[in-house]
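I opened my notebook to look up a few things about strands and sulfur links. Here is what I jotted down, friend.

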Amino acid sequence: HVQLVESGGDSVQAGGSLTLSCVASGYTVTAYCMGWFRQVPGKEREGVATIVGNKITSYADSVKGRFNISKDDAKNTLYLQMSSLEPEGTGMYYCAAGIWVDYCPQRLEMADFGYWGRGTQVTVS
């Protein structure tokens, strides 16, 4: 069975940095579209960033220049490096595995992802 487990969420002051990790099992991240989404109570889950096997990345406008998505294929792990965090960055961050091989739509939509982790909470104050 495919499982995605996020870690690294924490409480941090504005301007601080955090790195989130997502370990995949029963699945290989080498050639599939992978992404990070964020959700806060009362709002829909929104895409943060995506990466595909050919290393092409896409970011939400709100995080460009501050967040970096990457992965380690050997460790089957996805990462999200976050810097210059703002209170607006608060939310539950979810790791997602896409349904496409060697392709990641530039749009950040939940419909393009078939597997989800349980999330890790990030709080910026």
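I began with how strand β4 (residues 32-39) and strand β5 (residues 46-51) meet: the two pair in the antiparallel sense over five bridges. I took strands as DSSP runs of E, at least two residues, numbered from the N terminus, and two strands as paired if DSSP finds at least two bridges between them. This is a predicted model, where local features need pLDDT of at least 70 and side-chain atom pairs pLDDT 80 or more, while totals for chains, interfaces and linings use all residues. Residues are numbered from 1 along each chain as its sequence is written, and side-chain values use heavy atoms, without hydrogens and water.

I noted M34 and its bridge partner in β5, I51. Six residues lie between β4 and β5 in their hairpin, and G42 in the turn has a positive phi of about 85 degrees.

Next I turned to strand β9 (residues 91-101), which pairs with β4 in the antiparallel sense over seven bridges. There A96 stands opposite G35.

How many disulfides are there? I counted two, taking a pair of cysteine sulfur atoms within 2.5 Å as a disulfide. C22 and C95 have their sulfur atoms 2.0 Å apart, and their link is left-handed, with -75 degrees about the S-S bond. C33 is joined to C104, S to S 1.7 Å; this link is right-handed, at 60 degrees. It ties C33 in β4 to C104 in the loop between β9 and β10 (113-116), 71 residues apart.

Last, I checked burial (buried is under 20% relative accessible area, exposed over 50%, partly exposed in between; 1.4 Å probe, protein chains only). Both C33 and C104 are buried, and six of the eight residues of β4 are too.

Note on methods:
Helix = DSSP H or I, 4+ residues; strand = E, 2+ residues; numbered from the N terminus.
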